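Welcome to a short tour of a protein model. Keep the sequence and the 3D view open while you read, and look for each part as it comes up.

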Amino acid sequence: ALEAELGAPFDDRLEQAFSSSYGVCPGNQVRVVEWGGFVVLFSDGATPYAPGGSFTFFDWQLRNLGNATPPLATPDGIALGDSIAEVRAAYPEVQVETDEILGPTFRVGNPPDELRGGLTATGDSGTVVSLGAGRACGE
């Protein structure tokens, strides 16, 4: 379905889940499929969405890589470059914080079904620099 919408991916590779380029992911292997700044991840292990045993989609991420990034937005219309004020208008329950590793971030909902994103700043003038949802990889 993604290829029908976005064309052939720029990259489609398997990585070891415990040492992937996206951090420690569930399972033994993670399939990384990239369309420029848009990345979808599939795991062969158990996730909140499937028990494991076959590759299952579990996370997506969007970051600005210039012309290579598809112009995607959330169902509520939030896209890269939008202000945190626009995020607050679309998602009144948004939580904004400064993570010691990631810097300014926002979250809407609760894991594993949360929307998350990176920001330039936590104030209303901060802008969205990344988006993602699903069960993120990490330590």
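## The largest pocket

Let's start with the largest pocket, whose volume is about 490 Å³. The search runs on a 1 Å grid over the protein atoms alone: a pocket is an open set of points with protein on both sides within 12 Å along at least five of seven lines, and lining residues have an atom within 4 Å of a point. Grid points are joined across faces, edges and corners, and the volume is the space filled by probe spheres set on the points.

The lining is made by 23 residues, and Gln61, Leu102, Arg116, Ser130 and Ala136 are the ones nearest the pocket's centre. Two or more lining residues come from each of E4, E6, E7 and strand E8 (128–134). Which element gives the most to this lining? E8 does, with four residues.

## How to read the model

This is a predicted model, in which local features need pLDDT of at least 70 and side-chain atom pairs count only at pLDDT 80 or more, while totals for chains, interfaces and linings use all residues. Residues are numbered from 1 along each chain as its sequence is written, and side-chain values use heavy atoms, with hydrogens and water left out.

Now follow the strands, which are DSSP runs of E with at least two residues, numbered from the N terminus. Eight of them form an open sheet with antiparallel pairing, in the order E1-E2-E3-E4-E8-E7-E6-E5. Two strands pair if DSSP finds at least two bridges between them.

E5 and E6 are antiparallel, pair over five bridges and form a hairpin with three residues between them. Here Glu97 is found opposite Thr105 in E6. Four bridges join strand E6 (residues 103–108) to strand E7 (residues 115–119), again antiparallel. Across this pairing, Arg107 stands opposite Arg116, and Val108 has Leu115 as its bridge partner. E6 and E7 form a hairpin too, with six residues between them, and Gly109 in the turn has a positive phi of about 90°.

## Aromatic rings

How is a pair of aromatic rings described? By the distance of the centres and the angle of the planes. Rings of Phe, Tyr and Trp (its six-membered ring) pair if their centres lie within 6.5 Å; planes under 30 degrees apart count as stacked, over 60 as edge-to-face and the rest as tilted. The count comes to three aromatic pairs. Trp35 and Phe38 make a tilted pair, because their ring centres are 6.1 Å apart and their planes are at 35°. Trp35 is buried at 4% relative accessible area, and Phe38 is buried at 7% (buried is under 20%, exposed over 50%, partly exposed in between, with a 1.4 Å probe and protein chains only). Ring pairs also link Trp35, Phe38 and Trp60 into a cluster.

Phe42 and Phe57 form an edge-to-face pair, 5.9 Å centre to centre with 65° between the planes. Phe42 lies in strand E3 (residues 38–43) and Phe57 in strand E4 (residues 56–63), so this pair ties together parts 15 residues apart in sequence. Phe42 counts as buried, at 18%, whereas Phe57 is partly exposed, at 38%. The charged end of Arg31 sits over the ring of Phe42, 5.5 Å from its centre (the rule asks for NZ of Lys or CZ of Arg within 6 Å of the ring centre and within 35 degrees of the ring normal).

Methods
On a 1 Å grid over the protein atoms alone, a cavity is a set of points where a 1.4 Å probe fits but cannot get out, and a pocket is an open set with protein on both sides within 12 Å along at least five of seven lines; lining residues have an atom within 4 Å of a point.
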